[in-house]
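Morning, everyone. Please have the sequence and the structure open while I talk.

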Amino acid sequence: MLTDSSSKLLLSLLRDVPDFPKPGIVFKDITPLLANPTAVQAVVSDIVNHFRHQQIGAVAAVEARGFIFGAMIAQGLNVPFVPVRKAGKLPFQKITEEYSLEYGKAAIEMHTDAIPKGCRVLIHDDVLATGGTATAAGNLVKKLDAIVVGYSFIINLSFLPGEKVLQDNFGINPHYLITV
Ligand code: AMP
């Protein structure tokens, strides 16, 4: 759990950008947070502490903003970091999953040798919105016969169904620091 002062600091560092990337979308911009090492440390510590005793074997994070904290969380848990990339970016043999976004459609990919069978995987991204991206990432993990044991996000958009989607699809209550 974040302390009250860390929560306040974090909230003050999340910038709402209206009508980006499309009219009607309020974009949650984490760049002010990234500029504050104290807040970054608080976020990473919270997530690492939450998952420390869950025998996580790898952290998979979604391009691009998920990579930033995902890599730090993997380092904090002392486990491999697995990049989940937009279609066409990974150079080696890969598996693909299509999904719907809050704004549009897309596909994500993972290397076939990214995660060993039976590995217990934590999936991380910056924002949980409809849950489509997180579900697609979880499906990639399952395709490799590994196990999705947790989801972590900085921000949950509670007016969208992401949390319920992950509960329904994976039986997991996602961990997040801020809900709006
Ligand atoms: P979704 O698949 O709908 O849960 O959307 C999650 C993905 O889209 C994450 O990778 C987020 O970075 C991004 N995203 C969706 N909605 C927003 C938002 N309002 N602000 C910032 N990023 C968002």
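This is a predicted model: local features need pLDDT of at least 70, side-chain atom pairs count only at pLDDT 80 or more; totals for chains, interfaces and linings use all residues.

Residues are numbered from 1 along each chain as its sequence is written, and side-chain values use heavy atoms, with hydrogens and water left out.

A nonpolar core here is a set of buried Ala, Val, Leu, Ile, Met, Phe, Trp, Tyr and Cys residues joined through side-chain atoms within 4.5 Å. Buried means under 20% relative accessible area, exposed over 50%, and partly exposed in between, with a 1.4 Å probe and protein chains only.

The largest core has 30 residues, and L33, F69 and L77 touch the most other members. Helix 3 (37–51), helix 4 (65–77), strand 7 (120–128), strand 8 (147–156) and strand 9 (175–179) each give two or more residues to this core. Helices (H or I, at least four residues) and strands (E, at least two) are DSSP runs, numbered from the N terminus. Helix 3 gives the most, eight residues.

What does L33 contact, leaving aside neighbours within four places in sequence? Its contacts (heavy atoms within 4.5 Å) are L10, L13, L14, A39, V40, V43, F69 and I154. Another core, of 27 residues, lies apart from the largest one, and its members include I108 and F153.

Now helix 6, residues 162–170, where G162, L166 and F170 are buried. They are on the same side of the helix because they cover an arc of only 40 degrees around the axis, taken from the directions from the helix axis to the C-beta atoms. The face turned away from that buried side carries the exposed K164 and D168.
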